[in-house]
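Trainee: I would like to learn how to read a structure feature by feature. Where do we begin?
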Amino acid sequence: MSPTPAIASVARIAYVTSDVIVNSQPPRQNGSPFAEAFAALDGSGSAPDLFHVPLGGDAGSTILHNKRSSNLVSFTALASSQVLARLVPHISELSSLPIVFHLAVQDDLSDVLILRSTAPYFLLSSTAQQAHDNALLASRLARRERKAVVHAFHVGEQGEVVGDVGEDKILSFLLEERRVTPGAHAPSNGHAAGHANGHPNVHGTHEKLEASLPDDPASVDLFRSYEAAAWSTVALTRRPLRPAVIHGASHPETLVFTLGRAGFDFDVDHVAFVDVSLLTPFPPSRLLALIPSSVTRIIVLEQVPRWTMKFTPLYLDIVSAVQQVDVQHRPIVQSGILGVKGTVKSTDVAKLLQQATASPASTRLQLGSSATEALAAVSSHVPKHESSYTKILSHLFDQRLEIVNSPSLVASQGELATSPEFALGRIRGELEQRAQLVNAIQELLDEGSISSELHSLLSKWVVAKDDPAKSRQLGDEIVQTLESVNVPHPAADQILALKAHLPSVSRWIIGSDAWSYDLGASGLHHTIASGLNINVLIIDTVPYSSRNTADPHRRKQDVGLYAMNHGDVFVASVAVYSSYSQVLQAIVEADRFNGPSVVLAYLPYVSEDSAALEILKETKLAVDAGYWPLYRWDPSKERQGKEPFVLDSDAVKNDLQAFLDRQNHLSQLVRSKPQLATELVSSLGENVKEARRKRAQKAYDDLLTAIDAPPLLVLYASDSGRAEKVAKRLAARGKARGLSTNVATLDSTTVDALAQEEGYVVFVTSVAGQGEPPQNGRMFFKTANAIAARGETPLSKLRFSVFAMGDSHYWPRPEDAHYYNKPGKDLNTRLEQLGGERIAALGLGDDQDADGPETGYKIWEPLIWKALGVDSIAVTEAEPEPITNEHIKVASNYLRGTIVEGLEDTTTGALSASDTQLTKFHGIYQQDDRDIRDEREAQGVEPAFQFMIRVRMPGGVCLPNQWLQMDQIADEHGNGTFKITTRQTFQFHGVIKRHLKPSIKDINRALLDTLAACGDVNRNVLCSAIPSLSKLHAQVYQFAKDVSARLLPRTTAYHEIWLDKKMVAGDALKDVEPLYGEFYLPRKFKVAVSVPPTNDVDVFANDVGFIAIVDSKGDLAGFNVTAGGGMGVTHGNKKTYPRIGDVLGFCNVEQGCEVAEKIMLVQRDNGNRADRKNARLKYTIDRMGLDKFKSEVEKLLGYPLQPARPYTFHRNVDDFGWHTGEDGKHHFTLFIENGRIQDEPGKDFKAGLREIAKVHKGTFRLTANQHIIVSDIPTAELPIIKDLLAQYKLDNLNHSALRLSSSACVAFPTCGLAMAESERYLPLLVDKVEKICEENGLRNDSIVMRMTGCPNGCARPYVAEVAFVGKAPGQYLMLLGGGFYGQRMNKIYRESVSEPEILAILKPMIKRYALERLEGEHFGDFVIRAGYIAPTESGKTWYDRLGGEGEYREAA
Ligand code: SF4
């Protein structure tokens, strides 16, 4: 295919704007039009790095591997489901990178829309000119916003004319500053406003529909970035570029939205058309702004002829937007498919309108040719060389041959028809029908009245049903007989209906080696594991001589070894140009084998024109070198006492072990489990088969116990995991009562699927945000609302009940009270509207009840058992105890669990739930990309799992070479950035499973580790970063390291799992944990060392604190010891509270480590292990009483602590700028907002610090406020460091004191516990609050402001002067009154505030502070004196005298 003008111009833009291009190469016979266009450009300007990835290759990995520090990567491809499905697993990583996906489509957007929900921007071009302009826009947008942009464009026709822009102009366009878009302002309600790139649309003066809810702020921000980029593009091209163009009648009654290439260039009375070219982000208010108020009907036409889901994407967006409109003014919205062929005329539109008015709103309309016609147009091509194998199949099996995924099915079934999943589904269906046929024949045989001739035929067929020839011949005779004689029995009719299954057939799935790249995703794994009688022929075409150049970034997995490991699969490896007879033999044996068979067939060719001699030569090389061994492996021979493995290649017969050791996925498994090698060659897979037999038995037993009871499906929607726990416990209790129960998330099902549900369905849901459903139920809610709005009742068979969980005090204002348990209440109503029958009244679980939600649950649960008729069943066995962290720890064999096995499992990106608890002790948290969690769930793929790795680095000190290695690890294994945390260490995000081990190895190579950076152990020990007093710092830093070493777990599991040190698991050696024991601590444990007058580590927020006390010579004399600080709280659970540590007494330096240890041991033995929410040391001390606790510690010490000595703190913020230490060395504390080390436009901080690390001879110190000190700089080095700091703008401290004193935790998108934004949002909030400060003359006055995404409090919000703790997206708890140097906790001032409320509260408060503050009075003290909030005296009284409003207000 030669490039069309659209492809040529997009390829040119990609070539000019990108540093790296990855091009997906279609099958050889088709050629790539992009590759041709790039070849034509070669030599013009500075060429990007160009990579071509074969169709089955992993383009996502190639992009990630080669992105380096590119300003822009472009991916080019002819869109197909195969190419796009392979991008999906990487899309979470890719979406936050500057990448443009230029996808050329041919009149069908069904495939490209897979990416729509995961990419931040999705543009669509219908003409070649639009493709050119949008390619420019996309490149600028991706490059500036550093986010992925999908640009889908129509391939177009050869004659189209495109106006190009010169290369020099494009380059300056890319680098130009962001433009302010005319009209891009935000009205106070937060709605997006203004017209894209200043072109008021022609209908702009008419009244538009109004939305009742504000838009999602994130989507508004994205939209504004789009507008800014569009405006710049317009300035360059002088052509309009709008997200949607409306044309046609000026007061339309009908509005036709079009997503696709329609070409409505004519007028139809009362009809206007909207051509959409921006699909994401399109805030609802913007969509509504396109709809004139005269419109009563909207038709949404989308060019998705092969769309298989019930609702199309744009239709759903428009329905959701329109739902926000007052019901009297709400237009009807209808969905339609835009066909693919022919020119649409005005008469076609008139017919469409007739069809729309005559049909119910739910009917899907059609304009243009239908899906079937569209599919017929899809051509499939079988490469000619492959007929070498297919001819053998035809020759051997003739009429019996059924190629289940034959390309001929594409016309009727779509492209998926050639996939293994499709073929597997088809075979399952056929086998089920054959089983029905056998039953029908048996039934007829049992019927005494049939003729003896027919009886004899049927009996013979039953005996010979698997015989290829006899089954066909007898089948024909049976059909003849039944058709000639009337047999009045339903079974006879059924036999005739199923006559196609009378002959025994040989079923084959034929595929390419592309499937081997990802066994799980390709569906091959499911086929192999199905146990069904299926034959798979996989043709590998990679020539031996170019084997190392084919997709070098992703190895093919050895399907043969993989299949052999299953134990019940026939496997053969053949090569027709090496041994024709071996091919015949293997294929015949595969056919005979009763179970799955895999035949790997070698056929090395480069193109259709490759000569047979070439193929012969390559085959010989591959077979002789052992690259392609010829073998057959038949597990059924075992039963006959024969050797199952036959090696047919002479050249490697003596080298079998080498064959097994080949570098591939499974040979690694062989190495780690030597017994597997034996299994592979002799009594293969015995253990595997045994395990299977046990599983089958269990499934059968389960079936028997559940056979008489009604099935129960429990669906939950849960963000924090509480509703999930309740749902799972309910399911377990149901099981104990003999019910067949299943439990799943609400979004894992659909309204359609529920309509088929025969049993009982129980829903459990919590609340998110402003009464919204939790993330994993939102799609269901959205769909149910859309269906209910159309008045349909598809759930007439459903019997249901709902249990809702929430907090009746969460929304203190009376006008917000209806948000309490809103999703549950809405669901309860909606299910009834959809036709469901309620079996028990809505259950309401309220956090405020005596026993929390359990109070309501205990009333509701018995109603369910009653409704299901199992209330009288006595549950004899105790219900299984839930597995707690305590069980996991003790069963883990000193933190091993099954982490090693989990790392080897390539079928999932996650580790098992219990292992994720254990990896925390190794410094690793499993997370997933929260930004795309629901989209992935909707797509039916697992969350985008990734891991956070935290380094252990006591005192936060590292050397320049260690910095460089951290920088490199972030690039090679993480998301390209890293974070300085509030515990003075490095944290990497976005590490995927296969990078975990290499990351940990690299960290250890840098002489750092991650052991005990998280988990129920002592975490990274903090230490004041005070380089100006370097002598003292050296002493306390050494002390911090000593404490860390003393409290470090002793398990060898860390070295064994991550560093491949000798295994001590099993019988060899036994680990001991002298301090921790097998249960470790009840909860995390944190230690900090501070040096007055700076409390930069917030010593009182830690379980144990050491406050350095100096002697008269300025040397370290010892420490005042504090205990019982801790920040974590659970919203709505008053048993949890933050607490600051109490001073226990004084100890000298030598006693310090022992004191830390003994405090930890008292906590180990007295901490609450039954309730993790009440397990921290702070609760233990409050439960025991401080005096009793102290005496227990002293008992273990064997001596009393001395009385505490005087000390003074002045501040807990960092001392930015230059300082010189006592030893004459220099230190510069620089500001890194919220600790994120990354390169941003104009702020290349990561690059700058890398350059500094390359020349610096001293150290880097990380502060607990997430900033960096370039430390210990000798005077001679000063000029170069200063130059570099200036060059990279790292010496810029010209920020407001508010910004310098602020800090935020990570939260979205990586932290699994985040309820609201934090790191990404606080800087924006500070922008606004610092304006207020500046207006009041407070630019240089510190106010300690902190934010966290959840109440866990990682950024220590409860000791800030003003703090915000996330409750739901955009909603925060607001706290006031913390002490300036961390000596006093703040208190809840408002239960739930959003940005406008925050600003409305702070504006007068800050003004008053500026006017009325006393000399030196800090903000936290002022708000208490001014009566805004009461002081917090202790953790236990934290909830007393809260601020607030409405009926729950308590006087301050
Ligand atoms: S405070 Fe909560 S949201 Fe923020 S990083 Fe910690 S656990 Fe995550």
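Mentor: Begin with one residue and its partners. This is a predicted model. Setting aside neighbours within four places in sequence, Pro-281 is in contact with Pro-120, Tyr-121, Ser-219, Leu-222 and Phe-223.

Trainee: Where is Pro-281 found?

Mentor: Pro-281 sits in the loop between β10 (278-280) and α9 (284-289).

Trainee: Is Pro-281 buried or exposed?

Mentor: Read the relative accessible area. Buried means under 20%. Pro-281 has 4%, so it is buried.

Trainee: How far apart are the C-alpha atoms of Pro-281 and Arg-224?

Mentor: They are separated by 9.4 Å. Along the chain, the two residues are 57 residues apart.

Trainee: What should I look for in the backbone?

Mentor: Two things: omega and phi. Most peptide bonds are trans, and most residues other than glycine have a negative phi. Look for the exceptions.

Trainee: What is omega for the bond from Thr-280 to Pro-281?

Mentor: Omega is near -5°, and the peptide bond is cis.

Trainee: Which residues does the cis peptide bond with omega of about 10° join?

Mentor: That bond joins Pro-1092 and Pro-1093. Pro-1093 lies in the loop between β33 (1087-1090) and β34 (1104-1110).

Trainee: Now phi. What is the phi of Asp-107?

Mentor: Asp-107 has a positive phi of about 55°, although it is not a glycine. Its place is the loop between β4 (99-105) and β5 (121-125). Asp-107 has 23% relative accessibility, so it counts as partly exposed.

Trainee: What about Ala-1012: what is its phi?

Mentor: Ala-1012 is not a glycine either, yet its phi is positive, at about 65°. Ala-1012 lies in the loop between α39 (993-1005) and β32 (1022-1023).

Trainee: Why does Ala-1012 count as buried?

Mentor: Because its relative accessible area is 0%.

Trainee: Which residues does Asp-164 touch, not counting residues up to four places away in sequence?

Mentor: Asp-164 touches Ser-9, Arg-12 and His-132. With a relative accessible area of 49%, Asp-164 is partly exposed.

Trainee: Let us turn to helices. How do I read a pair?

Mentor: Take the axes, then the handedness, then the residues. The axes of α13 (residues 387-397) and α22 come within 11 Å and cross at roughly 55°. That angle makes α13 oblique to α22. The crossing of α13 past α22 is right-handed.

Trainee: Which residues make the contact?

Mentor: From α13 come Tyr-389, Ile-392, Leu-393, Leu-396 and Phe-397. From α22 come Tyr-580, Val-583, Leu-584, Ile-587, Val-588 and Asp-591. By class, the contact of α13 with α22 has 10 nonpolar, no polar and 1 charged residues.

Trainee: Where does Glu-589 lie?

Mentor: Glu-589 lies in α22 (residues 580-592). At 13% relative accessibility, it counts as buried. Beyond its neighbours within four places in sequence, Glu-589 is in contact with Phe-570, Arg-632 and Lys-637.

Trainee: At what angle do α15 and α16 pack?

Mentor: The angle is about 140°, and the axes are 10 Å apart. Here α15 covers residues 420-446 and α16 residues 452-464. Their crossing is left-handed.

Trainee: Which residues of α15 and α16 meet?

Mentor: Among them are Leu-437, Val-438 and Ile-441 of α15, and Leu-454, Leu-458 and Trp-461 of α16. The contact divides into 9 nonpolar, 3 polar and 1 charged.

Trainee: How do I read the shell around the ligand?

Mentor: List the residues, then sort them by class. The shell includes Cys-1305, Val-1306, Cys-1311, Leu-1313, Thr-1348, Cys-1350, Asn-1352 and Cys-1354. The whole shell divides into 8 nonpolar, 4 polar and no charged residues.

Trainee: And the protein chain as a whole: how many helices and strands are there?

Mentor: There are 50 helices and 48 strands. Of the 1452 residues in the protein chain, 57% are buried. Among contacts between residues at least 6 apart in sequence, 74% join residues at least 24 apart.

Conventions. Residues are numbered from 1 along each chain as its sequence is written. This is a predicted model: local features need pLDDT of at least 70, side-chain atom pairs count only at pLDDT 80 or more; totals for chains, interfaces and linings use all residues. Side-chain values use heavy atoms; hydrogens and water are left out. Helices (H or I, at least four residues) and strands (E, at least two) are DSSP runs, numbered from the N terminus. Buried means under 20% relative accessible area, exposed over 50%, partly exposed in between (1.4 Å probe, protein chains only). Contact means heavy atoms within 4.5 Å. A residue is near a molecule or strand if one of its heavy atoms lies within 4 Å of it. Ala, Val, Leu, Ile, Met, Phe, Trp, Tyr, Cys and Pro count as nonpolar, Asp, Glu, Lys and Arg as charged, and the others, Gly among them, as polar. Axes are lines fitted to C-alpha atoms, for helices over the stretch in contact, and angles run from 0 to 180 degrees between N-to-C directions. Angles under 35 degrees count as roughly parallel, over 145 as roughly antiparallel, 65 to 115 as roughly perpendicular and the rest as oblique. A crossing is left-handed if the near helix is turned anticlockwise from the far one by less than a right angle, and right-handed if clockwise.
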